[in-house]
Amino acid sequence: MSPPLLEAKGLAKSYGGVAAVRGVSFSLAAGEILALIGPNGAGKSTCFGLLGGQVKPDAGTVRLSGQDITGAPPRRLFRLGVGRTFQIAATFASMSVRENVAVALLSHHRALARPFGPAAHHHHAESDALLDLVGLADQAGRASGELAYGDIKRLELALALANAPRLLLMDEPTAGMASGERIALMRLVARLARERNMGILFTEHDMDVVFEHADRVLVLDHGTLIAQGSPAAIRADAHVRAIYLGTGLTFAGDADA
Amino acid sequence: MTPLSNQGLETRLLDFIVAQFLTGLASACSLFLVASGLSIIFGVTRIVNFAHGAFYMLGAYVAYSLTERFSGALGFWAALVCAAAVVALLGVTMEILLLRRIYRAPELFQLLATFGVTLMVEDLVVLMFGPEDLLGPRAPGLKGAVDILGQAIPAYDLFLVVLGPLVLGAIWLAFHTTRWGILVRAATQDRDMVAALGVNQKWLFTSVFALGVFLAALGGALQLPREAVNHSMDMKIIVEVFVVVVIGGLGSVTGAFLAAVLVCELNAFGILILPQVSLVLVFAVMALVLVLRPYGLLGRADGAARPAIGTFITPWRAFTTRERAAVAGLVLLAALLPLGAGAYVLSVAAEIAIFVLFAASLHFLMGAGGLPSFGHAAYFGLGAYGAAFALKLAGLSMAGAILLGPLLGLAGAVLFGWFCVRLSGVYSAMLTLAFAQIAWAIAFQWVEVTGGDNGLLGIWPAGFAATPAGFYWLALALAIMGVAALRTLIFSPFGFALRAARDNAARAEALGIDRHRIQWAAFALAGLFAAVAGALFAFLKGSVFPDTLGIPLSVDALAMVLLGGVETISGGVVGAIAYKLLSIWLMSETEHSKLVLGAVIVMLVVAFPHGIGGAFTRLRDRLGGAAA
């Protein structure tokens, strides 16, 4: 049997005396959409940092298709086909939307070290396709710093898709977006996962988004995985309910049940 | 100094060390006062107050005139405190009238404004107090010396040794027990949040500025009994203060105290133990501290700075066909200059061309790379020395010297840049300053090779470049090619990667960009182009002196870039032409060129908060928008 696309084993990280993540293990198959949820402070962002190379783990391993990538820097993960979006959307604010995409494409094609010839002339068709995909084609010439926040999130997705990743890590992909935009963005992501057999791990606070799009859900609390399973199973899990009720959050889906 | 005899040599030596240590501590007092002021101001307002040295100098001058008027023992001390208060008022005036208008301007732009003020103050003190050194009175009651272990220590020095920690304690108490102090500490961590909580930021900034300037002026006033007051003491102290603040950690008062003691003791003992490297020692230690602790001894990593709401930069774009034609026309006009100009005008024009290239190289580093440098003259000067060595030592022709000389600047940039790109923001800029000072000190002290202060002479252009017109064309051609190359770089894939790394390091890394490597390459390139300018400069002047590596030249380049506009691609070129024309013209027209130049800079800063180039861009966008 071939190894899973992403496999975390016994990941742990402490800040000072505080254990943010303790012994987290899970795996993600190609084409699977996996949601990582948990109350504030559960360790979601630390988990993401550990997987995305921003944070070095104290213990544990991360494997990508069997290859050990524990503590690999972000730029190596990019080369290995991992795409990443950030909780606070990160783009190149002084560059236009198309130039942002050009940076990502040039990097993907390993042409960024070239010191001559206008960069804007490269990979036009590819950048058009990416901008079309995320719905930013009509804003290609605008400064990315002046985009609305939802559009910045979509631009970030375009950047993360530029290297045709096999794994996409998305930290709160729809935070700060209007509900219509959320649905459209997640539908796009789900479609890409199917079409390209791309694995997706995402964190999300909006349970509607999680239960509608995730194939499987991981629940993190106090740095420990307390449950994992299908959305229906997680929704029914008493322990998970207790945690979320404790934070005052209820599942919107329950009203219909 | 007591002569050492064989008898009891070791105890005498120990006594001497104690005495030297106390002298170092006494010197640390003033340095600490000035540095803590700068550190507090930077912590809260994020302004690198270049005028801090000028306020220190004003403190000394005002204290001098007040001690002339006030009489009696009480009069002396009252004069010191009053002087500091008067200068603090001046500082507040500057903050309200000048800095408040430009808090929203790009990073470091405020430095240009305070640099303008410094130039004005330097000329003003000469106008008001005369050019001579002024000797102040000794402190009443502390005129004598105290015998400590057989060494006579001036009583005033001991007073300063005690005063330093007292001031540190007072600042600590003010910061930890008063509401104001808590706000200052909060603002140092996150000033936007403090503003969001309803604190009146304007007056918080002003009060912090008042305290910072008061401390600087008090530091100057306290030097009155120790050293003569003169009109160049501002430059001397500002460099030391930068070093202290950076070693201690920006925003940390305790760090400033520790660093002031460290620096003064290094000075006190360095001159005894290693006189040949005494000039370098402090800067070498600073470089070492920064490499080991990138935010200084007690400094903390900056919280991520939020971009101001509503400010975004228009994406850079290449010239349109019409703009290209206009630039070609200007270049043609410049090339035709020798037809109607004499030797003097041509040498001025060649110098401007050289500085256009120099400023463009710094602009590339700061604008596209996001790496501010306070020591860019290092590579300019190394290029000049490289050309001189190639000509004098290797016996190459002028062409060979201009071709190979800059490699010395490239080597320096490769070496220093490796360290600088690993730090961020002002710390990185300060490290460039330290490296430039080290390079300067080597040129100054390695007399056998560099000729030291006497420089290297007889570096004259040959062949077609021996005529003023010929040399001007050479300088113009190299400057145009250099600027064009830098512009091409900015729009090349490499330039995109560089700008991406500047805009958002985390995103760039996640897209596979090796930020350090790309910035290192940019640093080396900027150094190479600066070195080409330096090599030309050596042939323009016919000589090379250590001041081609000096801080004033680095500051000039910085002023050119900021004046032209960091955010505009042509900022370096525009700034260099404006600044150089202005300063050369003023030098020939008035004896108070610094006063006028400073005033003009201050006015330009207020009128064009995005630099001259930025003003052009805005005008073009507005006209273009109306036409479309």
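This is a predicted model: local features need pLDDT of at least 70, side-chain atom pairs count only at pLDDT 80 or more; totals for chains, interfaces and linings use all residues.
Residues are numbered from 1 along each chain as its sequence is written, chains are lettered from A in the order in which they are written, and side-chain values use heavy atoms, with hydrogens and water left out.

**Between the two domains of chain A**

- Domain 1 of chain A brings 20 residues to the contact and domain 2 of chain A brings 16, where contact means heavy atoms within 4.5 Å.
- About 1300 Å² is buried between these two domains, with 63% of that area given by carbon and sulfur atoms; buried area here is the accessible area (1.4 Å probe) that two parts lose on being put together, summed over both.
- Of the area that domain 1 of chain A buries against domain 2 of chain A, 35% is supplied by Phe78(A), Arg79(A) and Leu188(A), more than by any other three residues.
- On the side of domain 1 of chain A that touches domain 2 of chain A, helix H2 (74-79), strand S7 (167-171) and helix H6 (179-196) each supply at least two residues, and H6(A) gives the most, with seven residues; helices (H or I, at least four residues) and strands (E, at least two) are DSSP runs, numbered from the N terminus.
- That side of domain 1 of chain A divides into eleven nonpolar, two polar and seven charged residues.

**Strand pairing in chain A**

- Strand S1 (residues 6-15) and strand S4 (residues 59-64) of chain A run antiparallel and are joined by five bridges, with Leu6(A) standing opposite Leu64(A); two strands pair if DSSP finds at least two bridges between them.
- S4(A) is also joined by two bridges to the antiparallel strand S5 (residues 67-68), in which Gln67(A) is the bridge partner of Leu64(A).
- S4(A) and S5(A) form a hairpin with two residues between them, and Ser65(A) in the turn has a positive phi of about 50 degrees.

**Between chain B and chain A**

- Chain B contributes 28 residues to the contact and chain A contributes 36.
- The area buried between the chains is about 2600 Å², 65% of it given by carbon and sulfur atoms, and Phe496(B), Arg507(B) and Leu511(B) supply 27% of the area that chain B buries against chain A, more than any other three residues.
- Three salt bridges are found across this interface, and Arg507(B) forms a salt bridge with Glu156(A), the closest N and O atoms being 2.8 Å apart.
- The rule also finds 14 residue pairs in polar contact across the interface of chain B and chain A, both at pLDDT 80 or more.
- Helix H19 (468-491), helix H20 (493-503) and helix H21 (505-510) of chain B each supply at least two residues of the side that touches chain A, and the largest share, eight residues, comes from H20(B).

Terms used: Ala, Val, Leu, Ile, Met, Phe, Trp, Tyr, Cys and Pro count as nonpolar, Asp, Glu, Lys and Arg as charged, and the others, Gly among them, as polar. A salt bridge is a side-chain nitrogen of Lys or Arg within 4 Å of a carboxyl oxygen of Asp or Glu. A polar contact is a pair of N or O atoms within 3.5 Å; within protein, one must be able to donate a hydrogen and the other to accept it, and residues adjacent in sequence count only if both atoms are side-chain atoms.
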